[in-house]
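Let's take a walk through this structure together. Have a look at it first, and then we will go from its pocket to its core and out to its surface.

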Amino acid sequence: MEFRSFMDQALREARAAGARGEVPVGAVIVSPRGQIVARAGNRTRELNDPTAHAEVLAIRAACAALGSERLTGHDLYVTLEPCAMCAAASAAARIARVYYGASDPKSGGVAQGARVFSHPQSHHAPEVYDGIGAAEAEALLKDFFAARR
């Protein structure tokens, strides 16, 4: 099967999150057959829930749709490097591949900071691909935070 990026869909979710006043991060979960099974943008402020990150919401929705706590073979596309919480959730869900856009030197949990997937207590380590759509993802974040300063 030929590779197809779904980062454009994650970026759409990020733009929608930003329009709602949330930090503009978006995520989609893609099945092994190349179909989007869940999509989400950050909703921490809207839901008054610090765990309502795009990745966690998308994982929850995909698991509910599939009736399973595991997403074996599924891919996660997210506009920002997952934090430690989201990386741990991805490992627990057995996500096969994580594709992310912008790096997060402050709160990242994959290539920065906690490096969850390389930790000896991580039960699963997905393949990781970074920099997909990074320029647009970074611009969304920079514009969002610049407007609030």
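In what follows, Ala, Val, Leu, Ile, Met, Phe, Trp, Tyr, Cys and Pro count as nonpolar, Asp, Glu, Lys and Arg as charged, and the others, Gly among them, as polar. This is a predicted model, in which local features need pLDDT of at least 70 and side-chain atom pairs count only at pLDDT 80 or more, while totals for chains, interfaces and linings use all residues. Residues are numbered from 1 along each chain as its sequence is written, and side-chain values use heavy atoms, leaving out hydrogens and water.

The largest pocket holds about 610 Å³. Here a pocket is an open set of points on a 1 Å grid over the protein atoms alone, where a 1.4 Å probe fits, with protein on both sides within 12 Å along at least five of seven lines; its lining residues have an atom within 4 Å of a point. Among the 23 lining residues, Val23, Leu80, Asp104, Leu141 and Phe145 are closest to the centre of the pocket. By class, the lining has ten nonpolar, five polar and eight charged residues. Its largest share, four residues, comes from helix H5; helices (H or I, at least four residues) and strands (E, at least two) are DSSP runs numbered from the N terminus.

Next, follow helix H1, residues 7-19. After H1 comes Gly21, whose phi is positive, near 90 degrees.

Of its 38 residues, Ile29, Leu71, Leu76, Tyr77, Ile95 and Phe117 touch the most other members. H3 gives this core its largest share, six residues. Leu76 touches residues including Ile29, Ile95 and Tyr99.

Finally, Pro120 lies in the loop between E4 and strand E5. Pro120 counts as exposed because its relative accessibility is 76%, where exposed means over 50%.

How values were computed
Grid points are joined across faces, edges and corners, and a volume is the space filled by probe spheres set on the points. A nonpolar core is a set of buried Ala, Val, Leu, Ile, Met, Phe, Trp, Tyr and Cys residues joined through side-chain atoms within 4.5 Å. Buried means under 20% relative accessible area, exposed over 50%, partly exposed in between (1.4 Å probe, protein chains only). Contact means heavy atoms within 4.5 Å. Lists of a residue's contacts leave out its neighbours within four places in sequence.
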